[in-house]
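Open the model in your viewer and keep the selection tool at hand. This tour goes stop by stop.

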Amino acid sequence: AGGLCIAQSIKIPREPKPGEFAKVIGRLMETSTARGVVLFANEDDIRRVLEAATLANLSGHFSWVGSDSWGAKMAPVQGLEEAAHGAITILPKRASVPGFDEYFTSRSLENNRRNLWFHEFWEDDFNCRL
């Protein structure tokens with residue numbers, strides 16, 4: 001109704017094989033009218049998608065919408081600025097809670113028995129078994 005449709009949904013494998021990102025770009029090109037790409041991926045995969053777009057001579061072809069995994073970072077786009085040009089990234093607003101860090105770092109097993117998860121956290125954080 002709003003003039004927007006989802007042309008395809010492509011999942012990047014956890015352990016992509018060589019050439020996987022070229023296939024992603026190829027699949028995106030199968031729908032010739034689709035130009036907007038919502039890309040929620042980790043930094044390395046974002047970089048590889050942008051590299052594949054560059055190698056396919058498609059820099060500037062897509063309009064990227066990305067997650068916070070690359071919005072505030074240079075590494076995913078460094079050297080690939082032309083491919084990423086015009087991207088919109090979403091970075092959730094974050095705010096610090098006054099006193100939280102001090103409170104949290106002062107917690108120990110002795111003064112924090114009411115939190116059921118704390119025991120598990122302690123073991124994981126200090127790599128031990130209680």
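Start with the whole chain. The protein splits into domain 1, residues 20–89, and domain 2, residues 95–129. Colour the two separately. Their C-alpha centres, domain 1 to domain 2, are 39 Å apart. Keep in mind that this is a predicted model.

**Stop one: helix H2**

Select residues 43–55, which form helix H2. How far apart are its end C-alpha atoms? They are 18 Å apart, and this agrees with the 18 Å that 13 residues should span at 1.5 Å a residue.

Now show the side chains of Asp-45, Ile-46, Val-49, Leu-50, Ala-52 and Ala-53, the buried residues of H2. These cover an arc of only 160° around the axis, so they sit on the same side of H2.

**Stop two: the ends of H2**

Go to the start of H2 and select Asn-42. One of its side-chain oxygens comes within 3.1 Å of the backbone nitrogen of Asp-44. Then move just past H2 to Asn-57, which has a positive phi of about 60°.

**Stop three: Glu-123**

Select helix H6, residues 118–126, and pick out Glu-123. Is Glu-123 buried or exposed? Its relative accessible area is 11%, so Glu-123 is buried. Show Arg-129 next: its side chain makes a polar contact with the side chain of Glu-123, at 3.0 Å. Leaving aside residues up to four places away in sequence, Glu-123 touches Cys-128, Arg-129 and Leu-130.

Definitions and conventions. Residues numbered from 1 in each chain as written. Predicted model: local features only at pLDDT ≥ 70, side-chain atom pairs only at ≥ 80, totals over all residues. Heavy atoms only, no water. Domains from an automatic or database assignment. Helix = DSSP H or I, 4+ residues; strand = E, 2+ residues; numbered from the N terminus. Buried < 20%, exposed > 50% of the residue type's maximum accessible area, 1.4 Å probe, protein only. Polar contact = N/O pair within 3.5 Å; in protein donor to acceptor, adjacent residues only side chain to side chain. Contact = heavy atoms within 4.5 Å. Expected span 1.5 Å × (residues − 1). Arc of directions from axis to C-beta.
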